Amino acid sequence: MIATATMPTKIALAPILAAAQDRLFGAADSVCLERARLVTEAWQRYADDPVPVKRAKALAHILANMTLDSDTNPIFAGCMSSGPRKWMLTPEHGLDVGGQVVIEHDDLRGFLNDKVPDDLRAFWRGRSGTGGLGHFAIDQSVVVDRGLRSVLDELAACEQDGDAQQREYRAAMRISIEAVIDWAHRWAKQARIKAQQTDDPAVAACHLRVAEACQNVPEHPARNLFEALQAMALVHLAMHIEGHHMSVSIGLPDRALARFGDEAAADPDAAANLCAAFALKVAENAQMGKASMTQCFTIGGADHRGIDQTNALTFAFLEGFDRVSVSDPHLFIRWHRATPEAVKNKVAKMLSRGRSMPLVVTDEPTAGGFVDAGIAAPDAWNYCVIGCNELGIPGLLFDTAMTIGTSINELEELNRVLLDDARSQDVADMPALLSLLEDRCVAVLEPGLRKRREAKARIAAAFPTPLSSALMEGGPQRGCDLLMGMPYDIAGCYNRGFSNAVNALAAIEQLVFENKTLTMSTLIASLRENLADASVVDQLAAAPKWGNDDDRADRWAIALLELRKRVWDRLVAMGLPRALVCHVVRSLHHLDGRRIAASADGRFAGTPVGDSLGAVCGSTTQGPTAMLASVLKLDARRYFSGGTNLNLTLPPSQAAPPVIRALIDGFCGDGGQELQINVLDVAQLRQAREHPERYRDLVVRVAGLSARFIELSDTEQLELIARAEAAAEHA
Amino acid sequence: METLRVHNIQRFCLHDGPGIRTTVFLQGCSLRCWWCHNPNSRPIDDPAATVWSLPALAKEIERDARFWRASGGGVTLSGGEPLLQAEGVEAFMTLLGRGGHHRVIQTAGCVALAKVQAVAPQVDLWLWDIKSVDAQTFRSGTGGSVNQTLDNLLWVLNATATPVRVRVPVIAGFNDAPTEARRIADWLAALPRPVDIELLQGHDLGRDPSASAVKSARLADPQFTAVRQTMRDRGLTLLDIPS
């Protein structure tokens, strides 16, 4: 039974927020073994249960026994480990630190080596595997407006439907949902005790508010803004505890919370503080301590009728993210023709100050790309950003953001054509070279795409996630894992190395086929020798470069994308699904670069490839508007219906709010899709390396992630300084 | 066909008028300022200059029109001295005006009045350099006639309603003495209608032809502030210094 609605409690949150921020960001990374122990116990105890049920019981066992950390951020209930930045381990999916995380934070190399007891490692050897892929957003209306009890009702209503596997999966969903409800009640109970233990009346009030809320949500519909956010926080963290690794996104929180718009409008300051505290709670996601979990909030935007969906919560989230210096979650603002001036100006101000958030994504090309892919317009216009900058729809579509088995690095494939395909020596012209590249891309993509469903089935069978699956639209009725059934099943394909490939093609055209100052065989020989011949390097460096609004280079960008279209046409003709392509990086441009030999754009072996769809660092001569103009030549709706990332670095002297406004308006108003503006001051970044203690709150956009600058590896810090220096050259 | 001799085109200029602008630096200058940071733009017949047909030049710079529109910016013709090519400039500005673009002329004003008069109807904003108001000082630093620039500016102010922003480059060893700063301030205070006034710091590097060494045109910050104060004391309102 739902208790009588209560009035929201007014608490002075600012000092509590500041202290919570200090506790979270002041903590060094360490490890919490609780989840690893509890999941291992459950795996042993329920060994004979069907896998989905075992997984659900494991979640229940963890939630029932884990430490509840109410101290780090007492404003909301919810945690994943026993303290701030204590890694929560998912041994089901391995006990190593990922390569890209090490690129971002080199001090985390081998971090877990001496922190995981031998018995745990021994148990999971041979048992762990790929799974918990995240990269989705659930339907938050289930959590906020209907409550998890409604999911239990739905499950009960279709309990007997379908085959045994579906019934079994529904049982797992039920166990998982009940576990989350019980977890909330645990939080409520603990909060009442905590309220009595603290001497600080404001903190006590926080605990009491949590206690009251968690007795109601997420089981029942939220009665006020606080409860709604509390429900979202608990469910979000629970899905990670279930076993999702990263990139579980919040979706469209301002839309999900629209019915609390009046409450937020009545007290914008309190609403902003709640949103700040909520962002900080999401930032407590402790799977990899300080490493980014690429959790996205997407706010603003229009619906399919073009009606602006901005509400008081849109402003509250903007303001909230301005008040706390979280680097993750990431905040994206959806931009469209009728985005209110006040929103645009607030965004410009935040970016101008170097906040590096929000990131901007434009509605028209993005929703348009989804519509072209066969998605109903009302759903397409409900898109959100997932992960680094991939796209999906809460509760409806996420495969586009996950791209199992389909990824292509165009520079790498071009290099393989040049270095491994003997025919490349004799190509007579650019079309002949592109033809080889097209064949190569088809050959690379086909096997992964062919095995996509099989790979998904394997992961779903070994490591199902019934809680998350139950929170997708129609999840209870389908009675299967989200990997095996979603309202929209549309594949995605990751793309990287694009900018370098464009530069390489432009150089080959000019030097080999036009000026004839290089032969193809000389070029290839030089690539094999890591560009040892300085005269070749000079020629390659002087060739036209992508990102300068120079058609001699930019037309190769279009040629490459048309080539990709032909590749997909061929794959579709082979009976394979057409994927939506997303240019995505995170920080893989370093890992990719290490693998890729010297390339015809003048890049040496082992060095990074481009960090976004924009110009390769150091190759622009015409300033930011020229780079945006280059990118605007690419029809995002046609070519990047899965999303793009475009990093634009500005020096502070060129980053006044009206200038940033104009750059965004000019870009987004003319078909640009995603824009990540980083205002970087070379001197400040150098200072931050010298005196990190003074720059704890300096958040920067790296590539497909944001981070606290002082916590980044040398590699990343120096890359950001190089970008800042390159930008300052045009100031 | 009408053409313009162009020294350089620079996109994303933030200090040559309002908004985001594309600045076209035209070839040729009537002055020989020792602190000039771009002396290559002086000779009108420099072979390195690019000769553009007007439609082609318009098309080239309109690549950034989306950002002009978004920022309230536009095109600035600078130099060199753009008014040396007054005929081409007038035709080019007319062409840009037809496209609805905001047009700025950045001039030192040392040209025949007829050239100013020819271009004036097509100008949306003048950026007018006043380097000195003293004939001898002006001639020694620039080689030009101060009366020409001052009279031309007065004509613009009296005969047109086009907004004018006076830019005073404060150059070490040229016009930074208190007496000179006061003279400029007095002259500006007596103008027939209000203008915006902007003081510019000299560049780090200039080349004094009378000295063999490179000489800085830049004032130390306290001295620059003192010049600003002199202007303010005369009742002038100054625009913020562009960073």
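Trainee: Is Val702(A) buried or exposed?

Mentor: Keep in mind that this is a predicted model. The cut-off for burial is 20 or more other C-beta atoms within 10 Å. Val702(A) has 28 such neighbours inside 10 Å, so it counts as buried.

Trainee: Where in chain A is Val702(A) found?

Mentor: Look at the stretch where strand 15 (699-701) has ended and strand 16 (706-708) has yet to begin. Val702(A) is in the loop between strand 15 and strand 16.

Trainee: Leaving aside neighbours within four places in sequence, which residues is Val702(A) in contact with?

Mentor: Contacts here go by C-beta atoms within 7 Å. With the close sequence neighbours set aside, the contacts of Val702(A) are Glu104(A), Ser587(A), Ala707(A), Leu712(A) and Glu716(A).

Trainee: Zooming out, how does the radius of gyration of chain A sit against the globule rule?

Mentor: Chain A holds 33 helices and 16 strands. For its 731 residues the globule rule gives 27 Å, and chain A is as compact as a globular protein of that length, because its radius of gyration is close to that, at 25 Å.

Trainee: What share of the residues of chain A count as buried?

Mentor: For scale, the C-alpha atoms of chain A fill a box of roughly 80 × 55 × 55 Å along the principal axes. Among its contacts between residues at least 6 apart in sequence, 81% join residues at least 24 apart. As for burial, the share of the 731 residues is 61%.

Trainee: What span should helix 13 of chain A have at 1.5 Å a residue?

Mentor: Helix 13 covers residues 268-283, which makes 16 residues. The rule counts one less than the number of residues.

Trainee: How many of the twelve residues of helix 14 of chain A are buried?

Mentor: Helix 14 runs over residues 312-323. Its buried residues include Phe315(A), Phe317(A), Phe321(A) and Arg323(A). Helix 14 is largely enclosed by the rest of the structure, because the buried count is ten of the twelve.

Trainee: Over in chain B, how many bridges join strand 1 to strand 2?

Mentor: The two belong to an open sheet of eight strands with mixed pairing, in the order 3-1-2-4-5-6-7-8. Strand 1 and strand 2 (residues 21-26) run antiparallel, and Asn8(B) stands opposite Phe25(B). The number of bridges is five.

Trainee: Last one: which element of chain B gives the most to the side that touches chain A?

Mentor: The contact takes twelve residues from chain B and 18 residues from chain A. Strand 1 (3-13) and helix 2 (65-71) of chain B each supply at least two residues to that side. With four residues, the top contributor is helix 2.

Methods
Residues are numbered from 1 along each chain as its sequence is written. Chains are lettered from A and ligands numbered from 1 in the order in which they are written. This is a predicted model: local features need pLDDT of at least 70, side-chain atom pairs count only at pLDDT 80 or more; totals for chains, interfaces and linings use all residues. Two residues are in contact if their C-beta atoms, placed from the backbone, lie within 7 Å. The radius of gyration is taken over C-alpha atoms; the globule rule is 2.2 Å times the number of residues to the power 0.38. Two strands pair if DSSP finds at least two bridges between them.
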